[in-house]
Amino acid sequence: MPLPDRGLPRPGMSLPLCRFCRTPLVHTFLDLGNQPLANSYLTAEQLVAGTEKAYPLHVRVCDNCFLVQADDAVPANAIFDETYAYFSSYSTSWVAHAKAYARAMTERFGLNPGSLVVEVASNDGYLLQHFVEMDIPVLGVEPTANTAKVALDRGVRTDVMFFSEQTGRLLSARGDRADLMAANNVLAHVPNIGDFVAGFRHVLKDEGVATFEFPHLLNLIQKVQFDTIYHEHFSYLSLLAVEQVLRANGLRPFDVERIVTHGGSLRLFCCHLGSRHEETDALTKVREEEQAEGLSQIETYAGFAPRVEAVGESFRAFLATGKASGRRIAAYGAAAKGNTFLNTFGTISNDIIGVFDASPAKQGRFLPGSHIPVLAPADIRQVRPDDLIILPWNLKDEIMTQMAFIEDWGGRFVTTFPETKVLA
Ligand SMILES: [Zn+2]
């Protein structure tokens, strides 16, 4: 006779389930403990009030589909409330990237005034405006009303809505079917990745093409880019995992390009399962590379946390040596990735006297968690730090060029990946 169920924990009972395949998530990829939201810069009043919130930042990997994913730990409205609206057009390199994309896609797929281009998470129209210039009809789908308004003002037809299977059906039913769909840097941000991808099947024409750009998990692992992990990112994507999500929703990849944004991203070209697009060698190559690096073996993922700890040991040793010898240590770049880095290693305002950042919105505030003050780059000549740690490693060359004058007083540049070292 079976024992009565007393509600005792059973294996897998309290574990979160995979966002995609619903398998219990037994394996941790990286547990970064409790961290504040990486984009919540504090005012002096907030700092004194001591009301800063922290949430678990625990990333797991599914041993069935190998989707690497963060636990749901933050109420959706907390992320929405505390992050300021991001206007894509403010970044000149991003706009140039968008223009090159529009031209390349138009040429490759023969887009013309009879085509339709749909972008999901179209922001302020930074991308679609380039198709409008070429007289190619567009539709943007954007959940944030104030950014969508900017798009409409510049002549980019935009619907304010979240994209999902339901909204995909709705667009299709009213006759919006696309030759090209773009989803740049949004796949990692959607909580329900399967439902999101399902929408593309409904909107895409039979021979239409959807492109997804996302930071490549393989880069994150190889370069120990754990600082790209923060609460706004729900998934960390490989071709292996994304391909399964696509196929489960009637789509498949057929080509891939490697792009340099966010430290190494993939642009995946996708179509309906039965479409004529032929698979390219480039796609096979990325598949083989992920295979060779062990992304389809669960042991590979377990090896990541010790490598992050090694980055931390090197960083802590650098701080300790610097402080012991009386060096004044500052940092450059108050971006989300720097906050994950500093908070993971328990850095405090005692360790680093200030972080310089060009964004006026952040100056005069304090970094979340570490409470290091954010200063204007112009202040650097007064502060005269002995060491300047470059936090956004993707902008290293740019920062070193702009700040070259710190060498006037013997200031040194310092990088932290994969170990902390002074640049000669
Ligand atoms: Zn899964």
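Me: How far apart are the centres of domain 1 and domain 2?
Reply: In this predicted model, the centres of domain 1 and domain 2, taken over C-alpha atoms, are separated by 34 Å.

Me: And which residues does each domain cover?
Reply: Domain 1 covers residues 162-293, and domain 2 covers residues 304-422.

Me: Let's go to the helices. How do α6 and α7 sit, what's the distance and the crossing angle?
Reply: The axes of helix α6 (residues 165-173) and helix α7 (residues 193-203) come within 7 Å of each other, and they cross at roughly 15 degrees. Since angles under 35 degrees count as roughly parallel, α6 and α7 are therefore roughly parallel to each other.

Me: Left-handed or right-handed crossing?
Reply: The crossing in which α6 passes α7 is right-handed.

Me: Which residues meet there?
Reply: From α6 there are E165, T167, G168, R169, L171 and S172, and they meet D195, A198, G199, F200, H202 and V203 in α7. Taken by class, this contact of α6 with α7 has four nonpolar, five polar and three charged residues.

Me: What about β4 and β7, parallel or antiparallel?
Reply: Strand β4 (residues 117-120) and strand β7 (residues 178-184) run parallel and are joined by three bridges. Within that pair, V117 stands opposite L180 in β7.

Me: Which strands does β12 pair with, and in what sense?
Reply: Strand β12 (residues 329-332) pairs with strand β15 (residues 387-390) in the parallel sense over four bridges, with Y332 standing opposite I390 in β15. Strand β12 also pairs in the parallel sense with strand β13 (residues 355-356), over two bridges, and there V355 in β13 is the bridge partner of A331.

Me: And β16 with β17, parallel or antiparallel?
Reply: Strand β16 (residues 412-415) and β17 run antiparallel and are joined by two bridges, and the bridge partner of V414 is V422 in β17.

Me: What joins F417 and P418?
Reply: A cis peptide bond joins F417 and P418, with omega at about -10 degrees. As for its place, P418 lies in the loop between β16 and β17.

Me: Last one, what is the phi of D135, and where is D135?
Reply: D135 has a positive phi of about 60 degrees although it is not a glycine, and D135 is placed in the loop between α4 (128-133) and β5 (138-141). For context, most residues other than glycine have a negative phi, and most peptide bonds are trans.

How values were computed
Residues are numbered from 1 along each chain as its sequence is written. This is a predicted model: local features need pLDDT of at least 70, side-chain atom pairs count only at pLDDT 80 or more; totals for chains, interfaces and linings use all residues. Two strands pair if DSSP finds at least two bridges between them. Domain bounds come from an automatic or database domain assignment. Axes are lines fitted to C-alpha atoms, for helices over the stretch in contact, and angles run from 0 to 180 degrees between N-to-C directions. Angles under 35 degrees count as roughly parallel, over 145 as roughly antiparallel, 65 to 115 as roughly perpendicular and the rest as oblique. A crossing is left-handed if the near helix is turned anticlockwise from the far one by less than a right angle, and right-handed if clockwise. Two residues are in contact if their C-beta atoms, placed from the backbone, lie within 7 Å. Ala, Val, Leu, Ile, Met, Phe, Trp, Tyr, Cys and Pro count as nonpolar, Asp, Glu, Lys and Arg as charged, and the others, Gly among them, as polar.
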